[in-house]
Each structure stands twice: as C-alpha cells, then as structure tokens.
Amino acid sequence: MSFPSFTLTNDTLEAQKEALLDLLKTNEQKIEALLAQEEKTYRTFVTPYQMMSEEVGYLFTPISHLNYVCNTPETERVYNELLPPLTEYSTRLSQNEDIYRTFKDILAAEEAQLHEAQKKVLKDAIQSFELSGVGLPEDKKKRLAEINLALSELTTAYAQNLLKATEAYELLVEDKEVVKELPQSDLDAAKVEVEGKTMYRFTLQQPSFIAFMTYSADRKLKERLYKAYTTRAPENEELITEILALRDEEAKLLGFANYAELSLETKMAKSPEDVIDFLTTLAHKAKPQAKKELAELQKFAEEMGFEGELAAWDIAYYSEKLKIATLDVADEAYKPYFEKAQTVEGLFAFLHRLFGIAFVRVETPVWHESVEVFDLEIEGKKQARIYVDLENRKGKRGGAWMNDWVTHHETLEGERVLPVAFIVGNFAPATKRSPSLLRPDDVVTLFHEMGHALHHMLSTVKEPSVSGINGVEWDAVEFPSQFLENFAYEKEVLQTFAKHYETGEALPEAMIEKLKNAKNFESAMAMLRQVEFALFDMKIHLAKYNAKEVQQILDAVREEVSVMKPPAYNKFQWGFSHIFAGGYSAGYYSYKWAEVLSADAFFHFVDQGIFSDNVAGAYLQEVLQKGGSRGAMESFVSFRGAEPDVDALLRLNGIKG
C-alpha cells in the first residue's frame, strides 16, 4: 500500500502524454477482450472495466493539475492536445452498446448476490450510458460525439481566456496616499520598483484585488479595478453562445426539453421548477433583511462623509469599516493569529480530536517548493495522502479547490489502494517581512477544501466508481465541505491553534466572540448574491439562448433578487467559470442545497456537543466512509435520523425568514 510520487515536470510532460495515449489504445483492446469472454460477471467484467478508468485518471490528473497550478505554454499545449483523444475515447465507451448490454445483463443476473456499492456502480453506469446516447441511431451518436468534443474545447478555451485576462492586467499606484489604509502585509505584497520608483502593483488575482477594494479609499481607482475585473475576457461572449447552443442540442438529442432537465437527471433535485422555487423562496425570505443591511451601510457611509448612492465598488470598503465600527472585527487584526503553517496544523489537530485522524508530514517530490505533503493515519494505519498547496503565485489558477488523484478501492487481486488528494488555495504568499498570514475567510476556505478532501480520502468503499466523491450527486458533493467550514468559527476549535505568530499569544476570547458574531455580518446580502448566480445559471439552461439573451436573463434575475444593482458594463458571465468551464452548469444551486444539508448536520453536532463521539462516529461512518456507494439522501438520513430542514440554513445565516 505505497503511494505514487508526483514527479511530473515540464520536461516529462511529453512522455506522460505518450504514455496516456498508449494506455487509451491498450484499454480499448482490453475492452474487446472482456467483451469476447463467454461468461461475463461482475468480477470478470465490471471490476476490470472500472480499473481502466482509474488508470486513465492516474496519468491524466497530474497533467491537468500541473496546468492549473504551474501553468506554462508547455502544460497548456500538452493539456490541449490530450483533450480531443480523451473526449473521443470516453465518448466511444459511453456509446458502446455491447458494454451497456453487458452491464444490464450482469445487473439482472447477479442483483440478488451483489452488495449495495456494486449495485450502485451498475445502476449509475447504465444511467450514464443512457445519458450518453447509447440507444440513439448512428447519425445522432456521431453528432453527440462531435458535441462532446466541441464542448471540451470551448470550455477549455473559456477557462484559458479568463486565466490570461486575469494575469494580463495590472494597476500601478505611485501615490502612497491611495494605499495608506492597506494592511502592511498587503502593501509588502504589492510593492514593486518601476524605473527607480517605488510603486504598488495591484492585479485581478483574488488576494490583490480584494485588498485594494477593501482598504483603498480612492473610488476612481477602485472603479477602474472593478471594471477591469468585471469585463475580463470579452472573447468569452461568443463562446457562451456556442456552449449554450451545444448543450441545448445535446439535451434534445437525448430526449430532454432542455439542458437543465438533463443536468438534474443525476442530481437530488427533481426538476428545474423545484430548484427555481427553492431559490426564489430563499431570496424572498432574505431580501427584506438584505435591504436593511444595505440601508444601514448607506447610512454609515454618509455619516463618514460619503455623498450619493453607494456603488458596487464601494461595498467592500464601507462594509469593512462598518464591521469594525459595529463588531470591532478587522481582518488585519486577525491575520497575525492565522499564520498558514500554524493554521494547517491546527486544522489537523481538530480533525484528530474529531475523527481520530493523524497527519504525518512526509518528504516526497512536489510541483512547487511551497507545497507540503502529509499521510493520514487512523489508529496507526495509513489511510491516505494529501498535498497542500495554499499560496498564490503567477501561473496558478485563481480560487481554491480539491482535486482527487487516486481513489480508494480494492484491485482484482484483493489489494487495497489508498487515496491521494490535492487541496489548492490562493492565499497571500509569504514575503521577506512576514510569513503567509490568512484572513478569517481564508481559514474558512481551508476548512471547506479539507471537507472535500476528507470525503475523498476517508472512503472505505472497494468499488472505485462509487468511492469517495465518485458517484455522489452533484448537489450533495458540497455537503461535507460546507459542513466542515462551519467549525472555523467555533471557540473550541479556534482556541486550539489561533496564536499570534510573533508572540505566541492565543487569540483572545473576546476576539473569538466578535468573529463568531461577525459571521453573519451582511449575510442576507451574501445569500442573495449566491441565489442570483444560481437562478441565472438555471434559467439560461432552460432553452437555447444566445449571449444577448443571456444578458437579458441576468438583468431580470438581478431585478428580482438583488438589492445592489451593478453597472451596465458588468459582464459577470464572462468570468463565471463554474458553469462555463467547470462542472456546475445548471447545478450552481448545489451550493445552497448542500448548505441546507450542512447546516442541519452542523446543528446536530452543536446540539449534542461538537466532540460527541456518537455524532462524529455516525457522520464518519454514514457519510464520509460511504462516499457515493448509495444515494446522498439515504446517507444523510442514516446519519441524522431525519431529512434536512431548510430553515436550518436560514438559522445558520442569522436570517429570520
């Protein structure tokens, strides 16, 4: 049970690409041999078929990962060259009627003897074949394959346009007065020498962008940066029309009225109408409070001398001032208590107490010197390995995410294969003056991504197709991550690791209480923002819309939901990579639905005591270890004893619905 080493570099990319292309050919030959067997059973057909998919991911994941975390022309070239053959390979398999019939025959013949996870593998696979057009006439199959390839290329182009646009822009500030309110750590990160002058460079990367928008009083420059951010990648306008047209065509080929219906076929939600009702209900319950929050912010700004109506680029600055004035919570005051390494170790200590997991540092090859690697052990036995890459740098895609490399499973020979995961963030990097210091929101993000990683790494399922996050409905996959992030505000958790990186002083209880009180600061406005994104996403997938109509839908959603209207030039859709270059198309609502699950589960922990062995043990056993081996609602009810209560989400956000 050894772990693989991440040895991929620019120098070995080409060899890895060739190895992957060879594997695709070998796999197709193996599949022919499997189909030629006279007697096909779960063990002789389904298990080896699953292993082939694992082998493909084992080679491709490092290539795609390197392209995201250390992007170069070489990583981009190899990644792009692999997309067509990979898409064609998966399309051929997903439309192979012989494999489809074999899966159906095995399920019919062996269902009584198969265990729960094996049945789920077969049922998921059969559904996947049907959603890939396995029963379509040849001409429609061919068209579906063309659509899959085109979508793969278009969504990749969308993401790369966004990355390039984000990295291309910079705002250089010479006047120290403009940046005088910025925290020292952000000033250090922005400081550059240009033609012998000391200047401050701000970019569209999250740490830099947020720092300037939150702490600079210069409205003109903030609007300039805001405009650059919200008009990134205009090339994506045309791609949006093409992507939506292809998705609509795909849905209709498969017999659905629209892409939203196709997307929901594999999710917990039953229909687009149910999702829209759910989101609209949240919006209507949150909007009165959001209006009060905005009015309070407007009044506060006026008391500080602001004239006129607040604009989108004013919100972060005055919100931070109001938060400090009313709650005495400033990010800069907390950052010294959240030094990166200490915070990571604190998270590990919390998880050890909660679930009995030990994290042991290991030395192994990594893609960047700032990456750290740990082995997870439970009762002295190795369970998984995790790579932790948290600091922002050039060539790294923005945001935070978890990536799974190896899935927990058992081979045909009965050997247990241990899982490997990566968690990635874009926190402020260390400077000559200070180590990497995290904002409270960064700490929440770290807990969130670790929640995803635990879901992947703590699986005990033997079937790779439904182990870890595999096989989990998309609108439930955020449940374990959102659940864990709630603990980042709890006193019992913060007291274990939040210590000043210079003095060693523990984060004072009064500051912890303030932080917890501030958790729901402007929470209704934040909820409406997420509901806006989710409604927009669902509605643009209800028919074949072009980019102009997409803008009209966005405007209408904002009119219905938002309390802060952005300027007309705001082209949010050009940068909404979650739905145009990620897996959230007609599924962005999943964040809010999963929050219902996570809020209900969290209050169950709080009501019983955070470190209740019974509750933690049930969550570990019924949710984390089960992975996708059964339906998410079944796992939730097995843990909780009841279905989730939507009002738990409002309670968690301090919204009186």
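1. Three cavities of 30 Å³ or more are present in the structure. The model under review is predicted, and every value below is computed from it.

2. The largest cavity has a volume of about 110 Å³. Its lining comprises 14 residues, of which H455, F479, V623, A632 and S635 lie closest to the cavity centre. By class, this lining of the largest cavity consists of eight nonpolar, four polar and two charged residues.

3. Two helices deserve mention for the largest cavity: α17 (479-485) and α25 (632-640) each contribute at least two residues to the lining. The greatest contribution comes from α25, which supplies three residues.

4. For the second largest cavity, the volume is about 70 Å³. The residues that line this second cavity are S185, A189, K335, A428, P429, T431, S434, P435, S436 and L437. They divide into five nonpolar, four polar and one charged.

5. A separate point concerns I512, which belongs to helix α19 (residues 509-518). Its relative accessibility is 1%, and I512 is therefore classed as buried, the cut-off for that class being under 20%.

6. Leaving aside residues up to four places away in sequence, I512 is in contact with K491, L494, Q495 and L507. As for L624, its separation from I512 is 112 residues in sequence and 29 Å in space, taken C-alpha to C-alpha.

Technical notes. Residues are numbered from 1 along each chain as its sequence is written. This is a predicted model: local features need pLDDT of at least 70, side-chain atom pairs count only at pLDDT 80 or more; totals for chains, interfaces and linings use all residues. Side-chain values use heavy atoms; hydrogens and water are left out. On a 1 Å grid over the protein atoms alone, a cavity is a set of points where a 1.4 Å probe fits but cannot get out, and a pocket is an open set with protein on both sides within 12 Å along at least five of seven lines; lining residues have an atom within 4 Å of a point. Grid points are joined across faces, edges and corners, and a volume is the space filled by probe spheres set on the points. Helices (H or I, at least four residues) and strands (E, at least two) are DSSP runs, numbered from the N terminus. Ala, Val, Leu, Ile, Met, Phe, Trp, Tyr, Cys and Pro count as nonpolar, Asp, Glu, Lys and Arg as charged, and the others, Gly among them, as polar. Buried means under 20% relative accessible area, exposed over 50%, partly exposed in between (1.4 Å probe, protein chains only). Contact means heavy atoms within 4.5 Å.
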